Structures are given as structure tokens and as C-alpha cells.
Amino acid sequence: MQKKNVVTSIICAAVFLFFLFQCGALSETAAYWPRMICIVGLALSTLEIALEGSKWYRTRDSQERLWALNLEQTKRGLILLGVLILWCLGLNTIGFLVTSLAALCAVALYFEPIKSRRHVIRDIAACLIIGVIVYVMFGYLGVHFPRALLI
Amino acid sequence: MADILYYFVQALTPVHLMVTLMGTVVGIIVGALPGFTATMGIAVLIPLTYTWNASTALIFLGAIYCGSMFGGSISAILINTPGTAAAAATAMDGYAMTKQGRAHEALTESAVSSFWGGIVGNLALLFFAPVMAKWAFNFGAQEKFLMAAFGLTIIASLSTKSIIKGLMMGCIGLLIACVGMDPVMGRARFTFGSTYLMGGITMIPAVIGLFSISQVFSSLKDTLKPKSQEDIVRYKTARFKVKDFFCYPITYLWSSLIGLVIGIIPGTGGDVASYVAYNTGKIVSKEREQFGNGSRDGVAACEAANNAVVGGTLIPTLTLGIPGNATTAILLSGLTIHGLTPGYSLFTDGKGVTYPFIMSMFLANLAFVLIGVFGAKYFARVTLTPQNILAAVVLNLSLIGCYAVRGNVRDVYVMLIFGVAGYFLKLYKFNIVPIVLGMILGDIAEEALQQGLILYDNDLGAIFATFLQRPICIALLLMMVVSVCAPFVMERRKKKAV
């Protein structure tokens, strides 16, 4: 875990450093509070790097992997992320309802543990019904969804 | 007393009863839907009340407010998707209970503690409103800053495993809250030329992303397993017992008082109250070691506090015309639409409208507790839905919920970014709650600090010196010391005991 902690703390330090530089472009009053936060954040990150780094140096666990997921988990995560990105992109171009229903079915079917005909039909029916109900309910509550090529 | 009874009978007329029930049900639905807040619900439904008389209209809007505060906890407990920002703290223990197959228990506790919180808030509104409103005037910039700082000390108790990592996340949350316009001069800050970012990062998409999207990623990480038969039987046989009503009387009382006090202070709200109450619970509760791992007392602390906020926020709204939060601001507009002038006169000339409204809030609390405790076993069955379908539905609700906040697709992208970030943060053992805390408290702290700097000619030392001259500040400083030290003392004691 030490190796992971060191690397994530370096990333956090980089974020604080980036925002600290950004503060330079702001007026004195606007920069006051964020600068304080960045300095504190940077100090904390440095402290964490030093503490975890020294532990890592002492234990020298060469077996520790930096990436927290295995290949299968990475694949599943990437597929879900891909569906979500396509879902977002389709909202304004294809249409809110159609994209949502397609994405719902895609998620439910891909992650279905038992791929039998019965389960597939159940998943599709559940997604279509719930998707439409949620859409209609929010529409009734006054939410105006974007309309594109389709609904 | 005779007056109170008279107004209570007025609140019990069939029309008022029906409107209270209707408002409560609508409120629960609105609260449970991610992204759809009480503010939006009341704003959408105010036009419906234009033709109603003032009393009926106010009763309806008040019932929506009460119902939505409770409703937010339902989705937080069942699917780790807080319906409102105030319910985010409830998700910590509520969802943990659901994962242990105790969703029914968590929902019952949420309804009961919300009820007690609501009752305490309403009692204060009924009997002490004018006095407490005057007290709230003593809250200056220093007190507000320390209040926010006190809120941030909660990070210490939330991150006992790695306080530095927790504090780093708190700083990230505070930085996120800086995006948008600076509160003094109104100049763009960290917007990188984007007009969208000028409005700041909206709370709801960030919270939904961090909690529910990251949860979906986590739950779909490995191959899913079918639901166990045990859970199905457990929910079928679940029964509400009278003793459930009085499980944590001490927690109900102090959490409600915390919620009430925080509610009275304008600019704060249910989200701050529930975290403060949760932190206090973690220090004083008998079940403190279970906090974060499915403690029923943890759910009780958060829910009693955020429901007591309802009465608290209404105190400055009705007595001074100062809305305690966004929801009461909309409610205030409802008052003016019906020709009522907020202020002390509401309790004298307008008492024929104000008191039945307050009385109906008690009935709204009663309505939601009945719906909550008797509906809990049916709501809990949501968790028996196959996980792949549940994940798809959570994604759909989250996405629509985020879009509904401002009708802007970019909010959905924000949710997605926060979701992925939250997933990785959890994988690398970072606590995401401090980010939410930082986002909630960042604005309050900065605004108060800037006000202080203006008052004391940019002399930070002078501001700090005044802390020791103000009684509320001293009390808050002491509370901060306790809040920071207590988790470590208890952790040490625990280690010694082992």
C-alpha cells in the first residue's frame, strides 16, 4: 500500500501545485483563500510522501502493484465507462429517452451473470419499463429533456 | 394553550389534512429522486397553489419540505445515491446496513429519527421562534467561520485510519468549492475560460458522482452473484415494533438540537447539520465503534439532525424574513405571493395562517413516519432486484437527476468525472466524504473569512484575537478541540483494550 500511497500523494501534490500557480493569475482577494488551501494541501501531501516513502523504503515490497485492478476488472470498468460516455454524448444528439433506454439495456445485459434467454428478456423488459417511468415522472415534475434526432 | 389547540383543530380540517398528506407524499418522492431537491419541488409546485387560500397553500408547501428531508434518506440507504445533499451523511451507515441485509432496519430508523428531529424543530418553531431568531443575530463573520472550521474538524473523526489522507481530500473539496466566482469581488476563479464553470461546480452532480456512480463501478467490478434467499425471507418477515420508536432517545434529542441550532444560522443547512451530528455521535454514542460500518445510531444521528433543520430554518424565515436556506427562500416567495409579510407580524396579525401551518408540520411528520415505518419492508425489497438491473436503474436515476438540477448536460459530465475519480479514490483507500464536506463548508468559510478581513483591514491576527472575546466563538473553539482529539483518544483506548 505504501507505494500506492506515495504515488497518489505525488498526484495530489501536483494538483495543489497547479492550483497554487493558478492563484498567481488572480486578484489578491480572490487568491487569498485558495492559496491558503493549496499551501496546506501541499504540506500535507509532502508529509504523506515522506512518511509513506520512508515506510516503503524500509519494507521494500517489490511485489506491490501500482494498478489496483486486475485485467478483468479493468476491462469491465472500461466497458462501463465507455457506455456512460456514449450515453452522455447521445443525450443531445440522438435523444434523451432513446439513448437512456439503449444504455440501460446495454449495462443490464453486459453485466448479467446468467446469460439465459429468460434473463435477457427480463433484463430488457425491466430496463424499458423503468426507463420510461423515470423519464415520464421527471417530465411530469417539470424537467425539460433535450430533443434531438429522436425522443 | 387554548389557542394552540384551536389552531391544531384548524390543521385537522379535511382539506388541510388532505393537503398535508398530499404534500408529504410528493415531498418523499421529490426527496428520494436524486437531483430533485425540496427547493425544486416547491418551486415547481408553487404555481399550483396560486388559487388556494394562504393557509392551505403554506400547509402544502411546508409538507413538501418535511417529506423531502425524509425522502432523501430512502435512496441514500437503498442505493447509496443521496436524494438530497443532506442525506449524504446518512448513506455512510445506511448503505452499510443495506449491504449487511438490514435495509429495513435502516429505513425504519431513518423514519423514526426524522420524525423526532422534525418534532423538536417544530416545537422550537412553535414556542421559541422570536427568541431564537434574535439569538441568531449574534452570529457574525467570526462565528460563521469557526462553525465551518468546526465542520471541517469532522474529517479527523472520519479518517482515523489516515488523517493526512482525509485532510488532503478535505483540501481538494475546499479547492473545488473555490471554482466559480469569488464571493467578494465576483470575479471568475479557476474557470479556465469556461462559462459553465463560472457558476461553480454544483453540489448534486458531484455528490451523486462520488457516491452512486463510484458505487456502481465498484459493484460491477467483479462477476455478480444472485441474491441470497436469506435476504428475501428476512424482508418478507420484517415487522415494525413499538420499541423501534424509542431506540435512541438521547441521540434523537442532541442530534435534533444540533440540527435546530445549525438550521437557525442562515447559510448553513441539513448537510452541515447531519455531518456535525454524525461526528458528535461518533464521540458520544455507545455504538461509536460501529459508526461507518452500519450503525443504526449513525443513521439516527444524521436523520434527526437534518429534519430538525426544517424547523430551524423556518425560524429566521418567518420571524425576520431571512431565509435559512434555498428551500425557505422559495417558501418565502410563496408567503409573499399569498400577501403575507414575513416578520414578527406573522405571529400576531397573521397567526391565523402561521399557527395552522406550524401545526400541520407536526401532522406532516406523523404522515411520513407512518409511511416510512410501514413502507420500509416494501422499500427494502428494492435491494433484492438483480444487481445488474439495479446498477442500470441507479445510473439512469443519477443521470436524469443530475440533468434535472439545471437542465444542463454538462452537469452529467461533471457527475461522470466525479464518479470515476470517486471510484479510483476508493480503490486507493481514500475517504471521499471529506471532499463533500470541503465542498459544503468551503463557501461558508471563505465568505465569513472575507467578511472578517474587510472588517479588520486584512489583519488575520486581529480576527483571530476577536475569537477569544466572543462567547460563541470560545464554545466553538472548545468543540473543535474535542472534535479533533476525541477520535484519537478513543482509538488509543481501543488499542490499549485490545
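Domain bounds, as used here, come from an automatic or database domain assignment. The model is predicted: local features need pLDDT of at least 70, side-chain atom pairs count only at pLDDT 80 or more, and totals for chains, interfaces and linings use all residues. Residues are numbered from 1 along each chain as its sequence is written, and chains are lettered from A in the order in which they are written.

Begin with chain A. Select residues 2–59 for domain 1 and 71–140 for domain 2. Their centres, taken over C-alpha atoms, are separated by 39 Å.

Next, display the interface. Here 49 residues of chain A are in contact (C-beta atoms, placed from the backbone, within 7 Å) with 47 residues of chain B. On the chain A side, the elements giving two or more residues are helices H1 (2–23), H2 (28–59), H3 (71–93), H4 (96–110) and H5 (117–140); helices are DSSP runs of H or I, at least four residues, numbered from the N terminus. H2(A) gives the most, with 11 residues. Colouring this side by class shows 31 nonpolar (Ala, Val, Leu, Ile, Met, Phe, Trp, Tyr, Cys and Pro), 13 polar and 5 charged (Asp, Glu, Lys and Arg) residues, the polar class taking the others, Gly among them.

Of its 189 residues, Ile64(B), Val207(B) and Val436(B) touch the most other members. Helix H4 (residues 54–79) of chain B supplies the largest share, 16 residues. Domains 1 (2–59) and 2 (71–140) of chain A both give residues to this core, so it lies between them.

Finally, centre on Ile64(B). Leaving aside residues up to four places away in sequence, Ile64(B) touches Gly23(B), Val26(B), Gly27(B), Val30(B), Ala38(B), Gly41(B), Ile42(B) and Leu45(B).

How values were computed:
Contact = placed C-beta atoms within 7 Å. Core = buried A, V, L, I, M, F, W, Y, C linked by C-beta atoms within 7 Å. Buried ≥ 20, exposed ≤ 12 C-beta atoms within 10 Å, placed from the backbone.
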